[in-house]
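Hi,

Here is the structure I promised to send over. Have a look, and my notes follow below.

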Amino acid sequence: MDAVVFDLDGVLVDSETVWDEVRQAFARRHGGTWLPDSTRAMQGMSTPEWADYLVTAVGVKLTPAEAATGVVAEMARRYETGPPVLPGAVDVVRAVAARHPVAIASSSPPVLITSFLAATGLADVVPVAVSSEQAGAGKPAPDVYLLATAELGVEASRCAAVEDSTNGLRSALAAGMTVYAVPNPHFPPDPEVLAQVTVLHSITDLPAALAG
């Protein structure tokens with residue numbers, strides 16, 4: 001491997017349930033009706049994509065821009081006391097960065113990615129951290145992974161990706177990467193997608209898996 005690219009939500013921070021709680025509550029406050037597949041549908045979407053989904057599919061009585069601003073502001077408030085970093089995640093990123101260039105390719109908005117890097121002190125070892133907002137399309141499109149690897153200056157086919165969700169795994173596979181899954185226990189990935197990747201029990205298993 002020439003580099004390793006990490007997803008953020010569900011891989012390094014336990015935030016998928018927080019995003020879900022915040023978006024559901026926001027939708028209820030603004031006249032929306034949560035659909036049975038809304039949670040999974042929005043996993044991996046960029047901010048413009050999920051904001052549009054809240055308006056067009058869930059029925060939130062705001063513009064997409066207003067929905068995005070409101071939800072991201074609430075997420076930023078939740079992060080004020082520090083993002084919910086998963087056990088061992090920071091040590092894993094540092095261990096991997098000691099052997100490979102690393103990046104973050106996330107569907108979170110840049111403000112939350114920056115908050116995570118500042119809170120964990122990882123800005124010094126993560127030279128590239130990109131949001132799907134900057135890539136033009138959210139996951140399962142490969143754009144954010146291709147942007148991250150391009151900024152690292154390496155071929156995607158020579159890189160590993162670490163993901164937790166169905167859409168994230170599909171995104172990394174579409175980018176042609178070697179993919180490791182740390183399945184999200186709250187929103188388990190599609191078994192058919194998991195069959196195409198290397199499945200880890202925990203993020204702490206990653207350094208050994210890469211070395212093997």
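Of the contacts in the chain with a separation of 6 or more, 65% are between residues 24 or more positions apart, a contact meaning heavy atoms within 4.5 Å. Please note that this is a predicted model, where local features need pLDDT of at least 70, side-chain atom pairs count only at pLDDT 80 or more, and totals for chains, interfaces and linings use all residues. Residues are numbered from 1 along each chain as its sequence is written, and side-chain values use heavy atoms, without hydrogens and water.

The chain has eleven helices and six strands, which are DSSP runs numbered from the N terminus (helices H or I, at least four residues; strands E, at least two). Buried residues, meaning those under 20% relative accessible area with a 1.4 Å probe and protein chains only, make up 51% of the 212 residues.

Strand 2 is the part I would show you first. Five of the five residues of strand 2 (residues 102-106) are buried, so the rest of the structure largely encloses it. Val 102, Ile 104 and Ser 106 point one way, Ala 103 and Ala 105 the other. In general, side chains in a regular strand alternate between the two faces of the sheet.

Strand 2 also has partners, pairing being counted if DSSP finds at least two bridges between two strands. Strand 1 (residues 3-6) runs parallel to strand 2 and is joined to it by three bridges, with Phe 6 bridged to Ile 104. Strand 3 (residues 128-131) pairs with strand 2 in the parallel sense over four bridges, and there Ser 131 is the bridge partner of Ser 106.

Best wishes

Key
Buried means under 20% relative accessible area, exposed over 50%, partly exposed in between (1.4 Å probe, protein chains only).
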